[in-house]
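Here is a short note for a colleague who is meeting this structure now. It takes helix packing, then pockets.

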Amino acid sequence: MSPRNFFIGGNWKMNGSVAQVKSLVEGLNSINVPAQTEVVVSPPAIYVDRVRNNLKKDIGVAAQNSYVKASGAFTGEISPEQLKDLGIDWVILGHSERREYFAESDKFVGEKTAHALKAGVNVIACIGEKLEEREANITSEVVTRQLKGVADEIKDWTNVVVAYEPVWAIGTGKVATPEQAEEVHVTLRNWLAANVSKEVAENVRIIYGGSVNAKNAAELATKPNIDGFLVGGASLKADDFNIIVQARL
Ligand SMILES: O=C[C@H](O)COP(=O)(O)O
């Protein structure tokens, strides 16, 4: 088993209502978080405070985005400093949906990562290739370019989790095979060893996201370089999410 603690993130995306959030939090509060496993859920920003106040403390809470300034005239944005103010310790940055629909560049994702870390908020930094990029055999170039966007802006990786999420597997039910995911995770670790440091390469957690569910999580979790998951759809059901949380047992 890998020496790195397992990390399970639940990205609720733009889903939920007051009633659904209440019910999901109740379900999550009955999850037994295994030793050496870190669990973090990420509600829409509008529910983050409510979730933090009602969720048991051994499950962390993440925002789905944050900006590069502490405060000011940036309508619609939230700062990592404000997240800290609410007791929110994590933020997801660079999700492919932000890159695709909100034109976030590799550099901007790197800058947001640097600012969040400076403010004391841990970062789940997302990268991943599109279907046409995989078919053109440029997966390695794409994911290492995206990783470089982060590496160019930060020095300390202690509070960063890298999430490899192939875009073609997100919300499609088409999960990467354990071998496909492992291959990319090894590429990322090798890139970190060559371009950042061997220590960072060994210690940083690289998690997989893309149609992870209660049925496929355990097999994916057998791979030595898959240190956990970032789960979308299946994180909206506490029972399914619980099975994924227990996947490496
Ligand atoms: O952040 C989570 C990923 O986008 C995966 O979403 P999914 O599990 O619904 O495919």
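1. Start with helix α1 (residues 18–28) and helix α2 (residues 45–54): their axes come within 10 Å and cross at roughly 30°. Axes here are lines fitted to C-alpha atoms, for helices over the stretch in contact, with angles from 0 to 180 degrees between N-to-C directions. Helices are DSSP runs (H or I, at least four residues), numbered from the N terminus. The two, α1 and α2, are therefore roughly parallel to each other (angles under 35 degrees count as roughly parallel, over 145 as roughly antiparallel, 65 to 115 as roughly perpendicular and the rest as oblique).

2. The model is predicted; local features need pLDDT of at least 70, side-chain atom pairs count only at pLDDT 80 or more, and totals for chains, interfaces and linings use all residues. Residues are numbered from 1 along each chain as its sequence is written, and side-chain values use heavy atoms, with hydrogens and water left out.

3. Which residues of α1 and α2 meet? Val-18, Val-21 and Val-25 in α1 meet Tyr-47, Arg-50, Val-51 and Asn-54 in α2 (contact means heavy atoms within 4.5 Å). Five residues of this contact are nonpolar, one is polar and one is charged. Ala, Val, Leu, Ile, Met, Phe, Trp, Tyr, Cys and Pro count as nonpolar, Asp, Glu, Lys and Arg as charged, and the others, Gly among them, as polar.

4. Now α7 and helix α8 (residues 178–195): the axes come within 10 Å and cross at roughly 45°. That makes α7 oblique to α8. On the α7 side, the contact includes Val-143, Leu-147 and Ala-151. On the α8 side, Leu-188 and Trp-191 are among the residues. By class, this contact of α7 with α8 has seven nonpolar, four polar and one charged.

5. The largest pocket holds about 530 Å³ of space. A pocket is an open set of points on a 1 Å grid over the protein atoms alone, where a 1.4 Å probe fits, with protein on both sides within 12 Å along at least five of seven lines; lining residues have an atom within 4 Å of a point. Volume is the space filled by probe spheres set on the points, which are joined across faces, edges and corners. The lining has eight nonpolar, six polar and four charged residues. Helix α4 (residues 96–101) gives the most, three residues.

6. The second largest pocket has a volume of about 240 Å³. Its lining has 15 residues; Ser-96, Arg-99, Glu-100, Lys-130 and Val-167 lie nearest the centre. Here too α4 gives the most, with five residues.
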